[in-house]
Structure formats: C-alpha cells, structure tokens
Amino acid sequence: MFAALFGSVEQGIIYAIMALGVYLTFRVLDFPDLTVDGSFVTGASTAAMMIALGYNPILATLMAIVAGFIAGCMTGLLHTKGKINPLLSGILMMIALYSINLRIMGLSAENAIVKPNIPLMNTDTIFSQFQSFWSNLGIDTALTNFIKNTLGFQTAPSTWGTILVVLIITLIIKFIADWFLKTEVGLAIRATGDNKRMIRSFSANTDSLIVLGLGISNALVAFSGALIAQYSKFADANMGIGMIVIGLASVIIGEAIFGTKTIFRTTIAVIAGAIIYRIIYAIALRIDWLDTSDMKLITAVIVILALVLPQFIDKRREKRRKLKRRAERLGEQNMAQGGNHLA
Amino acid sequence: MLKLEGINKIFNEATPDEKIALDNINLHLAPGDFVTIIGSNGAGKSTMMNMISGALTPDFGTVSIDGNDVTRLPEYKRSHYIGRVFQDPMAGTAPSMTIEENVAIAYSRNAKRRLRFGSNRERRDFFRTSLEKLHLNLENRLNAKVGMLSGGERQALSLLMATFTKPDILLLDEHTAALDPSRAELITNLTKQLVEEGNLTTLMVTHNMQQAIDLGNRLIMMDKGQIILSIDEDKKPSLTIPDLMNEFEKIRGEKMNSDRALLG
C-alpha cells in the first residue's frame, strides 16, 4: 500500500504541472481550453520520438515544451483572429493534434508514417539519468533502512530520486508561475481574464495576451506529458483522453481544500489537488468491483460533485438560516399575542 | 489636442433598423479644454466617445490626437493617449485583483509591459500617496480585492487609474450616473480636482444639466447625431438650465422632452 501510494504521489506531482497549465487558462484567463487533451500527448510523443531517435532526454523534453507552446498559440489564434468560440477552438485543435501526434510518433520509425505509440523501455530518460547520479549518493539505502527498521513498514519505495526530482521541477514551475503572474505582463493577463474592456482601456492587446496565455498553459501541459511518458516509459496516442477533466478536478479539489486567498496559495492548492486526485485514483483502483476503465467515470463524478456540492451546501445553509429567522419571528408574534390575551 | 473632422457613422446600414448615429461631427479641443456634453438618449454622445477611444471606427471622417491621425489605430494602441471612465462602476477595474494590482496595471499604461514586478516598494509608495487623494482610505487597503469595494469606491478608483499617467485626453462617459447622489457628488468633486491638477483635456458626457453647467469651460449639446449647440468659454460661466432649454427649443422647434436630462 505504501509503495502504491508513493507511486501515486510521484505521478501526482508530475500531473500537477499539467494542472497548473489548466489553472492558467480556466481560472486566470477564464478560457475553457480543451486543447489540453491533445497537447498533453503532443508533449509525450515529441519527447518519446526524440528520445527513441537517440537525442538527449533533456533536449527532447525542451522540444516537447516548445511543441505544446505552439499548439496553445494556435488555439489562441483560432479564437482571437478567427473569432471562433473558445470551447470550439480548443476542440478543433485537440482533434487536429490527434493526427499530428500520430505523425510525430511516426517520425521515430523509418518504415512508418504514423505510429500509435512509442515504448521507451531500454532508453535513457530524464529519470534514468538522474537515477545513475542519485544512486551513487547512497541516500536510498539509508532511507529504505530507516523505513523498514525504524518505522516498521514491510515495503519501501525502490528509490527516492524520482520523487525528489519531480518535486524540484514542479516547485520551480510553481515559483516561476507565482512570479510571472505578478509581473506587468502577468497582471495584464490576469486582467484579461477578469475584465477585457478595462485592460484594453489601459493599452493592453487582449488578443496577444490570450495567445500568450494559452501558449504558456499548453507548454506546461506538454511538459507534464513529456515527463509522464518518460516516467511510465511509453507514449500513446490515447494517453490524453480526459486529461482536461483530470486537470480541472485537480484545480477544483485543491481550491476547495486549500483556498484561493493569494496566488502563492492557489498554486500550492492546485499542486496538492493533483496529488490528492492521484491518491483517490489509486484507492479507487483497489476497490474490487471497480475496473481501471471506470476511472474516467469516477473522474467525471468527482468534478461534478466538486462543482455541485458547494452550491448545494450554500443553499441548505441559506434555507436553514431563513427557517430559523421565521421561527424566531413566529415566536415573537406568539409572545405578543399571548400578552394581549392576558391583558 | 483632439480633432474630429466630418465623422459619420451609420449602424445597421441598409436594414430596416438603420440608424444614423453620428452625422458629420466636427469638434476641436484645445489643450486643457474641459468640454461637457449633454443630449437626450440616442443623441450619439456615447457613440462619439467610442469613436474617440477607438472602440468604434467611423464610416468616414478622421480623428486626430495631438496632430496625429489615429482614425485606424486600434483601441488598445490609442489608449496610450486616452484615459477613460465608464458609466458602469464595474467596468473600469478588475474585480478579482487587488487595489494595488489594479493601480499597477494603470501605472504601466504608457510603457511596454515587461517581465518585471508590476509593483515594488518605490511604486507602492507612489500608489499610496496617489490613493490618499481620494480620501477613501484605500491607501491602507492595498491588498483588498477591488470586487469588495462599493460602487462609489470603485468609480473613484477608476477615475484615479484613468488619470494616473496624465493621458492626453480623458473621456468620462456618464461616470456618475450609476451612483447615489452623495457618491455622485464625491466623484464630481474628485473629477474637478484631478482634471485641474493634471490640466487634462477632458470630454464628459452627462445627463445632469446642472453638472454640465458647473463643470468645465465649454459645453456642447447633441441631438440626433449632430452637435446642435456649442457654448464657448466666455459664455459658459453665465449659462443656466432655462437658457439651455430655450436654445434647444429655438434650434429644434420643439420642447426638450427628456425629464431625465433635467433631473439627471
């Protein structure tokens, strides 16, 4: 159980980068961007293709980020220049990316134009490279001994290197995001999501800000996809299905639990939300009568509950308050009438 | 400073809803002019403001600011020169951002926005001293979300933000109309103060005749897309509401029918 949860936390931290991207569009720009399902795979397939061709994993990951950025900018251009509704621009781009991703993966094989997946079993990845450096430090053995002997767990994770490296990457991105949203450009992007008319009257080009915001968001999503491909050692054309809902679930869960008082806190909330989602996922998978394929349904239910429950709770609270006031008022009237009878 | 020449605009051209919004508008503002604009609903006041700000472009005619033809310049580029306050108190500020962040956005209006903090200690001090002018204690609530402020407070903040970087032209579009009388008075006084301090070239649309008479050095009256009356600097101080009503009757041969124009 401990090892399973440990793996979920590792994945959650990687998916958190994607969730931060979703936060940037859904919350900051107020743009429901469905490109994510496609750009996640674009990141994964670009990185996997380049790694399979023998490029350095770090370079492959950087190229994945660039590919995601371009995909996001395209969605932004469809919306701002093409005047296409935000949801539809994202859907169009997502569909287009499905074919593009197959082509990208096809580049890894000489005898195929398209490929539905790329395995990365015996190739170097960012994680395997870090691992070779990390295992020399001897920290893993020390921690494993500590967990087995001192804490008394039966199993211990095979390595602590992966969680450390993904945690560092995600936190760096979090701090960059916090900083960026406070810069002059970041403030203008936030105001674009908040009040377009106002920010235009302060000489900001909302069109380019939307394109930039979508580009950055999808660059993060593709980054996350590239890391997941290297973590799970394969890229697959279908690995992005429902990704937007997972991102949204992470944002909503995080915000509901940790609050949104400041940006610093909200980005932490989003990361924590992504990790919590993965833990819920892992626990759900251990329930006997649930199948792995049910997970999309569960995700949808989680998001629906997270969206509906707060309204429901508010309404209940309001109703109870009204009933209470009514009871008090009736009580006062009865008292007054009782007084009259006596007199 | 601001020159409108032969501005024409027709909405829904060649349909049954066709409406002549602006009919050959010519207007010239010298630097430091404060012009108030009155007129009944549909007279073309707001359309003219939108022409100047760049939210709308004229069918023909030219808009020039400080000698530069800006007729085809998009709104966001023109707003380098133009500060604007809208009628809706919600329109001029970003509600989910803090007071400080809103002011910082206004502050970076003139410069190219870059990847540096929108606010630092030095700027924050400047923001504080500027906010003090409003006498609303906003300078001590820099981290409050603007959405939490009242309509009057938001409008005062919008006004400060619009005048912050000393724009060439300030456009006020019925910016007190949505406020209760005491708040409206506060904003009116503030307008006077900020315009005088910055010696700003200002255009103000209002439905309140008394306000139009009290403020500014010039007054124009619009009707059916035309400027039908223009009162100059030398005549404005002695102007009264009955004068305006009479002038309207003389020009149009009918009584002014807008109660709203009278009462504000």
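## Contacts of A:Ala19

Leaving aside residues up to four places away in sequence, A:Ala19 touches A:Gly247, A:Ser250, A:Val251, A:Val270, A:Gly273 and A:Ala274; a contact requires C-beta atoms, placed from the backbone, within 7 Å. The model is predicted: local features need pLDDT of at least 70, side-chain atom pairs count only at pLDDT 80 or more, and totals for chains, interfaces and linings use all residues. Residues are numbered from 1 along each chain as its sequence is written, while chains are lettered from A and ligands numbered from 1 in the order in which they are written.

## Nonpolar core

A:Ala19 is also one of the residues that touch the most other members of the largest nonpolar core, together with A:Ala16, A:Ala44 and A:Ala48. This core has 155 residues, and helix α10 of chain A (residues 206-232) gives the most to it, with 15. A nonpolar core is a set of buried Ala, Val, Leu, Ile, Met, Phe, Trp, Tyr and Cys residues joined through C-beta atoms within 7 Å.

## Chain A overall

Chain A has 13 helices and two strands, taken as DSSP runs numbered from the N terminus (helices H or I, at least four residues; strands E, at least two). Its C-alpha atoms fill a box of roughly 100 × 60 × 40 Å along the principal axes.

Of the 343 residues in chain A, 43% are buried (20 or more other C-beta atoms within 10 Å of the residue's own, with C-beta atoms placed from the backbone). Among contacts in chain A with a separation of 6 or more, 77% join residues 24 or more positions apart.

## Contact between chains A and B

The contact takes 19 residues from chain A and 25 residues from chain B. On the side of chain A that touches chain B, α8 (184-194) and α9 (196-200) each supply at least two residues, and α8(A) gives the most, with seven.

Conventions:
Buried ≥ 20, exposed ≤ 12 C-beta atoms within 10 Å, placed from the backbone. Contact = placed C-beta atoms within 7 Å.
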